[in-house]
Each structure stands twice: as C-alpha cells, then as structure tokens.
Amino acid sequence: MDETLDLLVAADCTSWQRRDEDELELAVSMGVYDEAHATRLLADCAAVEASLSRGHVPWDHRWSD
C-alpha cells in the first residue's frame, strides 16, 4: 500500500532520499491521514534511514538479483 511518503534508496544502499513529504502534509490537511498516522510514517522512515546509516539493510536485498 502506498502511504504517500517515499524513501528512494540507491541500489547499493549507501544513499537515500525522502520524497513526497509535502504530499504527506497535504494528505493530513485533507483528512486522508491523521497526525498520529503521519507521525508513525515519518518515524518508520527515520528508522529505516537509521538502519541504512549503520550499514544494515532492513529488508531482503536479494530482490535486486
């Protein structure tokens, strides 16, 4: 399910970029998500970024093969 906020991760998992934070804000203002849901999405994104920064890929990266 697409929950608006995207995290684009390079194939080698050494860099990443958040996308669509503005769309998440818009979705909250339109009532698509409440503040608690948006906060959870941002926290989940931050947790993935923290894992990547420690060199740990938090998903099975064999998909790229």
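This is a predicted model: local features need pLDDT of at least 70, side-chain atom pairs count only at pLDDT 80 or more; totals for chains, interfaces and linings use all residues.
User: Before we start, what should I keep in mind about the model and the numbering?
Analyst: Residues are numbered from 1 along each chain as its sequence is written.

User: Why is the contact of Arg 40 and Glu 3 called a salt bridge?
Analyst: The term asks for a side-chain nitrogen of Lys or Arg within 4 Å of a carboxyl oxygen of Asp or Glu. Arg 40 and Glu 3 have an N to O distance of 3.4 Å, so the pair meets that rule. By this rule the count comes to four salt bridges.

User: What makes the parts linked by Arg 40 and Glu 3 distant?
Analyst: They are 37 residues apart: Arg 40 is in helix α2 (residues 35-53), and Glu 3 is in the segment before β1 (6-9). Helices here are DSSP runs (H or I, at least four residues), strands are runs of E (at least two), and both are numbered from the N terminus.

User: How do you know whether Glu 49 is buried or exposed?
Analyst: Buried means under 20% relative accessible area, exposed means over 50%, and partly exposed lies in between (1.4 Å probe, protein chains only). Glu 49 has 16%, so it is buried.

User: And what is Arg 18, the salt-bridge partner of Glu 49, by that scale?
Analyst: Arg 18 has a relative accessible area of 25%, so it counts as partly exposed. The closest N and O atoms of Arg 18 and Glu 49 are 2.7 Å apart. This pair too links distant parts of the chain, with Arg 18 in strand β2 (residues 16-19) and Glu 49 in helix α2, 31 residues apart.

User: Why are Asp 44 and Arg 40 about one helical turn apart?
Analyst: Because they are four residues apart in helix α2.

User: What makes Glu 3, Arg 40 and Asp 44 one network?
Analyst: Salt bridges that share partners join these residues.

User: How do you know whether Asp 44 and Asp 22 are exposed or partly exposed?
Analyst: Asp 44 has a relative accessible area of 39%, so it is partly exposed. Asp 22 reaches 55%, so it is exposed. Asp 22 lies in helix α1 (residues 21-29).

Methods: Side-chain values use heavy atoms; hydrogens and water are left out.
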